[in-house]
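Dear colleague,

Please find below the structure that I am handing over to you. I would ask you to look at it first and then to read the notes that come after it.

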Amino acid sequence: MNLVFRLAWRNLWRHSKRTWLTTGAMIFSNVLLIFMIGLQFGMYDLMIDNTLQTLTGHVQIQAPGYKDDQKMRQSVADVAGLASSLRTELGSDRVAARGAAFALVSSEDRSYGIAVLGVEPEYEGNVSTIPGLIKEGRFVNGPDAAEIVIGAALARNLRIGLGQELTLLGSGRDGSFAAAVVTVVGIFDSGVADFDRSFAEIPLRFFQDMFYMDGAGHQVVLTATAIDDVPELQRRVAELLPAGEELVVHDWDALQPGLKQAIRADMSSAFFMYGILVILVAFSVLNTQLMSVLERTHEFGIVLALGLTPGRLGRLVLLETAIMGMLGLLIGALLGAILTAYLGVNGFAYPGMEELAAKFNLPARFFPELTLPTLLAGPLVVFGFTILSALYPALRLHRLHPVEAMRAV
Amino acid sequence: MHMFAILARLAWRNLWRNHRRTFIMLAAIVLGSWAMIFMTALMRGMVTEVIKDGISALPGHVQVHHPKYRDDPSVANLIPIPDSEMSAKFAAAGLKGWASRVRVPAVITSEYDSRGVTLLGIDPERERGLTFIDYDEIDGRFLESVDDPGIVIGRKLARTLETEIGKRIVIMSQDPDNEIADRGFRVVGLFTANVTAFEEAFVFAGKSTTQKMLRIGDRTSELFAVGDDYRNVDAVYSQVTELVDAGVEVKSWFELDAYLGTMLKVMDGFLLVWVIVIFLALSFGLVNTLVMAVFERVREIGLMLALGMKPRNILGQIIIESLMLLTIGLVIGTALAWLAVQPIKEGIDVSIVAEGMDMWGMSSVLYPELLLRDVILANVVVLVLGFFASLSPAWRAAHYEPVEAITKV
């Protein structure tokens, strides 16, 4: 084995330039793959987190049909009681009840139709980033205070500031007229004007009184500690639901079906590009190994005549390729890891990316992710294709006739 | 010129001396250039769809507003010029398409529920074909005139509000004095939109009907104009600017929607990066092929030099060989890309990820778009960079010492 390895190693360096060029192709694509895959998955995680953390959460309990129709009367009875019993049962604070309704909010000068969410002030911060995004004033406190927090863009459009009053007009669960006067106590700013313009939050109990909810709400929002724990959380929540009540437990994919699909659409185009890159490298290897076999026809003829089997010769060629592939893998992975780790700390920006990123709740700088899978996935596939493309030159050796081969120049 | 013919002939013959190597390299170039152009066509098509959808939602290539309207889209910020005066001017100007409309936030209420929407008071005849509404795809009927007493809402909104054609809904907004302005409408039609969010966001009523309801007399919120090509809106922009006074704001679509504007620029940059990446992956194989070709011809190159061929002719010969290889590959690759686009010209259905595409702002049918300038870009980039990549092996060949080269085994 040692002898074969040494033979293979020496054969490789007969044409050191050629070997380095072929290895260079592997290194190039490996570095690119590690960086791109790292960037991609770093982005997906951010997209998921940033989209879900603002309001949606990981899991929601709702009345059947509410997800699609969002009607007032598709409600969850005693929503605060359900949330509180779930907090006890699950031993987790990351549970909050909400009600949701549409209302016309009016200041002295302006009126807008927006969504009004009733939230539990003490728990909302555990499932949503909105309380943390308050830029002026504070979040609502007290379960039935006549207080409201609104987005910065809405405050600007309503021409209203902290301490001023807003009128809410809407219709209650029974269809009757619902109205209230609330004081603006906080203004949040998520950075996306259209999002900030679309809703406001008031305390849950106040919400229930105003919209004649009789203790009911529309969702119990839960977050898991990590996205991977969501199925487990969903299962446990489903078991803990009160018997006899018709309720459903949705996970984030059901609540935001666009998210996974957007990722899938992006992934498929990315994998097409990676595939092309890998195949091009494979062609490069095929070319090199075929050449290296063809130019050795004469010497292969001699060793065959001396009694070496074509199979062993073929393994020699494959070993040469494997060594080359290994070099490409190791150097590529090393350089790729260094580049990705550097950008993972310092971030990476592309001109114009800021506006695009904002649309998907992403920051303007990207931080590629470096994990074992993102590091090894690309290089291993490249390695696999490298070996695959050496099969043809290696198998060709079986057709070699010692005498004819020896005559070849 | 005579010399060039000889060199070209030499290069051509040399190319086919080792036909296996040439074919493998050719296959790589064909695949690379196919991937470059095919992928570019898909991406272009995707971006064009996004931009066209975006423009049909804005709508228009150029819009005119009150300077404050965009940050505060309320009834208080109407275009200061009376609509009849403006319409007369625009009608005389011979623009390809234009319309003025009332656009205000409103609340729509059925017997069961209410929602916040954008109320559009339009001139249905003027807007035909200029917005995302396809008049022939309406359930029921579309608006017939500016005085039409009916309203057309999205299919999704109708489901949420539990209303249907023939039923009444109430639209509530405010007049310039901040008094509630409301009016009952009969739903006369339901529209479907490519981007489902539009079905919940917009409702359409006649322009005069809306003006009466809002008590704004002969005034409108916006005027939009459409030119021949969204890529070049300068002509329309200057035409529109001349028709209105200085008291209004005139903006083109890429200023109105920063996401769409940057998308076009980022995509142009990204396509160049993609072409260069593919070229780099190819370049290793290309240089490798040339290095080998030169290596196995050391003796004859030495001979040619000894016989008095000038080094620059050797250089030329190698470069011509490389460019020939690239050109053949590019021609076949481009032709295959063109062929690959033909069967999917009518659109590829990607509706399995429809909601994801929605999120990227795309519809679920993808139309590839093969632009001549992209084909030229890919080909020129490959040829120019290919020229530079071949310089090093060619330079080496041209600077062999004749005696050493001839005696080399």
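The notes below describe what was found, beginning with the whole chains and ending with single residues.

This is a predicted model, in which local features need pLDDT of at least 70 and side-chain atom pairs count only at pLDDT 80 or more, while totals for chains, interfaces and linings use all residues. Residues are numbered from 1 along each chain as its sequence is written, and chains are lettered from A and ligands numbered from 1 in the order in which they are written.

**Overall form of the chains**

Chain A contains 16 helices and 10 strands; helices (H or I, at least four residues) and strands (E, at least two) are DSSP runs, numbered from the N terminus. Its radius of gyration is 32 Å, well over the 22 Å that the globule rule gives for 409 residues, so chain A is more spread out than a compact globule. Here the radius of gyration is taken over C-alpha atoms, and the globule rule is 2.2 Å times the number of residues to the power 0.38. Along the principal axes, the C-alpha atoms of chain A fill a box of roughly 100 × 50 × 30 Å.

For chain B the count is 15 helices and 12 strands. The radius of gyration of chain B is 31 Å, again to be set against 22 Å from the globule rule for 409 residues, so chain B too is more spread out than a compact globule. Its C-alpha trace spans about 100 × 45 × 30 Å along the principal axes.

Of the 409 residues in chain A, 44% count as buried; in chain B, 48% of the 409 residues do. A residue is buried if 20 or more other C-beta atoms lie within 10 Å of its own, exposed if 12 or fewer, and partly exposed in between, with C-beta atoms placed from the backbone.

**Domains**

The domain bounds come from an automatic or database domain assignment. In chain A, this gives domain 1 (2–51 + 259–407) and domain 2 (59–223), and the C-alpha centres of these two domains lie 53 Å apart. In chain B, domain 1 covers 2–54 + 261–407 and domain 2 covers 60–256, with 50 Å between their C-alpha centres.

**Where the chains meet**

How many residues of chain A are in contact with chain B? There are 51, and they meet 54 residues of chain B; two residues are in contact if their C-beta atoms, placed from the backbone, lie within 7 Å. On chain A, the elements that each supply at least two residues to this side are α2 (16–56), β2 (95–106), β3 (111–119), β6 (165–171), α11 (257–294) and α14 (353–359). The largest share, 21 residues, comes from α11(A). By class, the side of chain A that touches chain B has 26 nonpolar, 16 polar and nine charged residues. Ala, Val, Leu, Ile, Met, Phe, Trp, Tyr, Cys and Pro count as nonpolar, Asp, Glu, Lys and Arg as charged, and the others, Gly among them, as polar.

**One helix in detail**

Helix α4 (residues 79–90) of chain A has 12 residues and reaches 16 Å from its first C-alpha to its last, close to the 16 Å expected at 1.5 Å a residue. That expected span is 1.5 Å times one less than the number of residues. The buried residues of α4(A) are A:Val79, A:Ala80, A:Leu82, A:Ala83 and A:Leu86. They lie on the same side of α4(A) because they cover an arc of only 160° around the axis, the arc being that of the directions from the helix axis to the C-beta atoms. On the other side of α4(A), A:Gly81 and A:Thr88 are exposed. The buried residues of α4(A) pack against β2, α8 (204–210), β9 (219–222) and α9 (230–240) of chain A. After α4(A) comes A:Gly91, whose phi is positive, near 65°.

**Backbone details in loops**

A:Arg159, in the loop between α6 (152–158) and β6 of chain A, has phi near 55°, a positive value in a residue other than glycine. With 14 C-beta neighbours inside 10 Å, A:Arg159 counts as partly exposed. A:Asp214, in the loop between α8 and β9 of chain A, also has a positive phi near 55°. A:Asp214 is partly exposed, with 13 other C-beta atoms within 10 Å.

In chain B, the peptide bond from B:Leu58 to B:Pro59 is cis, with omega near -10°. B:Pro59 lies in the loop between α2 (19–57) and β1 (62–65) of chain B.

Yours sincerely
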